[in-house]
Amino acid sequence: MDVKLFKKQFSDVEDRFPKLRYIWSEEFLSMVIIGKLDICDRKGVFWDSYDILLITGKNYPFSVPILIETSKKVPHDEERHISKEGICCMDMDHKLLKVASKGIHLCQFILDYVYPFFANQLYYDQECEYADGEWSHHFEGIVEFYHQELQLSDPVLIVKFLEQLLTNSLPPRNSPCLCGSKKYKDCKCKQSIDFLKGLPTHRLQEDLEGFRKLI
Amino acid sequence: MNIYQDYLDNIQLAMRSGKKRKMYTESFDSFGGNIQKGLSAINLAQKISDDSLLPSLNELATEIGSTPNFNQKLGLHPDFSHLKGTNDTEKHYIISTFIDIKKSTDLFKKYLPEAVLIVNDTIQKAAIHTCLIFGGYIHRLQGDGLFVYYGGKNVTKEEGVKQALLSTSLFSYFVKNDLKMVLSQDGIEDINTRIGIDLGHDDDVIWHNAGIGEISEVTTCSLHTSLAPKMQAFATSNGIVIGDHVKQEMKTDHDLITPVCHRTGNESDRYIFEIRDENFRYTQHDFDWLKFLKRQDFIITDQDNRLSFQLPAPYEVRHSDNIRPIAIKSNPYYNF
């Protein structure tokens, strides 16, 4: 936990979200941001406030902060993407992990993920749907993510890639890609694999096990 | 801030109608070619009632459950009015606040005196009203300044301190942001406030009747009442300086307070008052009122960092098209 960096970054958070403060948590060995988040729309109209905890994680800035909604203004259920304990599933794990792998900037993280998550909940209250849809739940969402964001749909091919990625035996640049279309360096698969390269091993392992079950 | 909108509207109308060079065109036309009639109309339109807040500020007062006391009399704090005309004294704590409003003489270059009167009068009334809704007692009007007491027999020191800080912070925001925006459109730049606040404890404050007969007021004899205007002189433009006793009554927000010498770089500015023989040194602090204000439950900071007083908008006035551009960034997932 880089406490010095945290304090430096928190000054931006405090300026932008003044009702948030931080405490040190022995339980999580991490700084925890705590307080009220006011949500306004583009016209500056105030819609609602939420009490939140944002656990930055002991590997901060290289861990995904855990967001917990404590005011219980949003139902804590699957439909609202919140666990019974109040943990909010802000986005696909892979996307969040990728952001964390580069180092979290606290204020930007709140602006990009936390604030929109609650804005989306308010949108849902009005429209009974999310503004830009939602990922399917559980492993189905991961399949969707591989398809939509990584353009990988064939479970057999995905398993091959993940196995090679985990054993560090990906094709050499000038060898044919596993999909068989062209040289690996020129194939669109390489971009997708490069994205996955930045993710933690446990994430890739879970994906591998999930896709194996689909074969 | 939206709570001052009606005061700003007043000021803007006076500025539009009382502009020196334009009065023979716009204002003249607006009032059927009769200048005197136009100015009279301004006066009538802009009259602020003596016993009510303007609606925008009244919304805040209602929300915080405040009923301003418009029956106050200068120099006669209601908790100590029994001292009027007597030689009695009483010791009781008080929070002394000196609000200096530096008004611009440039107003006279651009507007008719009648319009300047309305502008200045509205600013002063906004200050008075803000103090009143937070339980302030207007002790004295001093030229461009206001001397206000907070606290009393049924108010704790902690509560009184919070009331003083809230009202002065709101008024500072009004002058620094709202008023500045309106006046700068006409090139008027140099209106600002400087505020000093100090608390004298029971043993430090003697309430008494000063003067003779009707030429008198019930006032305080206290080092800390005297220090408030001295601290005001140390404040930056639109700044608030508080005494160490005020800091001690604040249970939170100590991170918003820094000794004045940290700003000035001059160690001799740390203490506003010293009695060396008694080893008494009294520290003065800069108070970050903007951050303090932003932390209040009733103040909302929007995405453009603008402050407003707002309650959650009722469902019928929420337009999902306005929240959609923010919500669209979120693609929630669920995997528990």
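Predicted model: local features only at pLDDT ≥ 70, side-chain atom pairs only at ≥ 80, totals over all residues.

Student: OK, what percentage of chain B counts as buried?
Tutor: Of its 336 residues, 41% do.

Student: And how many helices and strands does chain B have?
Tutor: Chain B has twelve helices and 13 strands. Those are DSSP runs numbered from the N terminus: helices are H or I with at least four residues, strands are E with at least two. The C-alpha trace of chain B spans about 75 × 65 × 40 Å along its principal axes.

Student: Is B:F280 buried or exposed?
Tutor: B:F280 has 11 other C-beta atoms within 10 Å, so it is exposed. You'll find B:F280 in strand β11, residues 280-287 of chain B.

Student: What is B:F280 in contact with, leaving aside neighbours within four places in sequence?
Tutor: B:E274 and B:I275. Contact here is when the C-beta atoms of two residues, placed from the backbone, lie within 7 Å.

Student: Switching topic: how many residues does each chain put into the contact between A and B?
Tutor: Chain A puts in 39 residues and chain B 30 residues. On the chain A side, β2 (30-40), β3 (46-55), α3 (106-127) and α4 each supply at least two.

Student: Which one gives the most?
Tutor: That's α3(A), with ten residues. By class, the side of chain A that touches chain B has 17 nonpolar, nine polar and 13 charged residues. Ala, Val, Leu, Ile, Met, Phe, Trp, Tyr, Cys and Pro count as nonpolar, Asp, Glu, Lys and Arg as charged, and the others, Gly among them, as polar.

Student: Now α4(A). Which of its residues are buried?
Tutor: A:G141, A:I142, A:F145 and A:Y146 are. They cover an arc of only 145° around the axis, which puts them on the same side of α4(A). The arc is that of the directions from the helix axis to the C-beta atoms.

Student: What about the other side of α4(A)?
Tutor: There, A:E140 and A:Q148 are exposed.

Student: And what covers the buried residues?
Tutor: The cover for those in α4(A) includes α2 (93-102), α5 and α7 of chain A.

Student: Which residues of α5(A) are buried, then?
Tutor: A:I158, A:F161 and A:L162 are the buried ones. Seen down the axis of α5(A), they fall within an arc of 95°, so they line one face of the helix.

Student: Why would residues a few places apart point the same way?
Tutor: An α-helix has 3.6 residues a turn, so residues three or four places apart end up pointing the same way.

Student: What do the buried residues of α5(A) pack against?
Tutor: They pack against α4 (138-150), α6 (188-197) and α7 (201-214) of chain A.

Student: Last one: what comes after α5(A)?
Tutor: A:N168 follows α5(A), and its phi is positive, near 55°.

Definitions and conventions
Residues numbered from 1 in each chain as written. Chains lettered and ligands numbered in written order. Buried ≥ 20, exposed ≤ 12 C-beta atoms within 10 Å, placed from the backbone.
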